[in-house]
Amino acid sequence: MSADRGDIGRTLGRPGVEDENGRERVEVWRISLGDEDDPEHCPASLEGLLEDLLDEDEKARAERGLVPGMRRRFVIAHAATRIVVGARLGRPPAALRFARGRWGKPVVEGAGLHFSLSHSGDIALLALASRPVGVDVELARPNLDTERLARRFFGDEERESVARDGIGAFTRLWTRKEACVKAVGGRLTEGMAIPVAHTARQATVYSRSGPFAGPWRVADLLLPEGYAGSVALLGDGPFYVSPRMWYPMSPTETEGMRQRPGVK
């Protein structure tokens, strides 16, 4: 499998390391959840091994998936999270014990590493940082009545953006709000008032009302067509995104490839 060796931390650096401009590194791992038609898909022969990494609560949640493929996607996304986080902490993936906040955000207590997981369609994103972080990915749904939803949940500037640019603008704004809320471990309904209609790829935002004031630093992510994604850190310090690709590694892969597990 991928990213299950300690050398991943040495080959890629670690979240929180600053560049020459004083910006914090945030790793964002893209995890493919596609089926056999996707060249990055997880072979069925590895799915059982991935499920063995999950704890009983995660396995029970996986079984609740009613939509075809949902259980498989859940298992891959959460096992990949354990593999990457475990490698960062120098712990076996199956040995990680998560505590959960009021609204379910997982943390590894006393680890000093913050992470956030999101999945939609055939993509999952995992963000790692040295301060509270939230990540969100959304597959745009063409049949969604975006203008009605924008009128209900968005501010004036955001509604204008959706009216002008349609589903792409709506999905981008939605992921920015959700990433901010996930950084503080809240519920999405508590963060709809966060104004995120900026045009910069990265900006500092504050909430004018609601239970969370911020500030957050939020950035858009480059993803395949049809998807929107954002990552947000609590606090106004700038950061840069270090994109990574997680993929399952077959036991038949060469030893040379194993020197860079989980990276593409």
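The model is predicted, so to speak of local features pLDDT must be at least 70, and side-chain atom pairs count only at pLDDT 80 or more, while totals for chains, interfaces and linings use all residues. Residues are numbered from 1 along each chain as its sequence is written, and side-chain values use heavy atoms, with hydrogens and water left out.

Let's start with strand 8. Helices (H or I, at least four residues) and strands (E, at least two) are DSSP runs, numbered from the N terminus. Strand 8 is largely enclosed by the rest of the structure, because 5 of its 5 residues are buried (under 20% relative accessible area with a 1.4 Å probe, protein chains only). Trp216, Val218 and Asp220 cover one side, with Arg217 and Ala219 on the other.

Its pairings, where DSSP finds at least two bridges between two strands, are these:

| Strands | Sense | Bridges |
|---|---|---|
| Strand 7 and strand 8 | antiparallel | 4 bridges |
| Strand 8 and strand 9 | antiparallel | 5 bridges |

Ala203 stands opposite Val218, and Asp220 stands opposite Ser230. Strands 8 and 9 form a hairpin with 6 residues between them, and Gly226 in the turn has a positive phi of about 95 degrees.

Now to the helices. Helix 5 (residues 146–153) and helix 7 (residues 167–183) pack at an angle of about 40 degrees, their axes 10 Å apart; axes are lines fitted to C-alpha atoms over the stretch in contact, and angles run from 0 to 180 degrees between N-to-C directions. In the contact (heavy atoms within 4.5 Å), Thr146, Leu149, Ala150 and Phe153 of helix 5 meet Ile167, Phe170 and Trp174 of helix 7.

Definitions and conventions: Buried means under 20% relative accessible area, exposed over 50%, partly exposed in between (1.4 Å probe, protein chains only).
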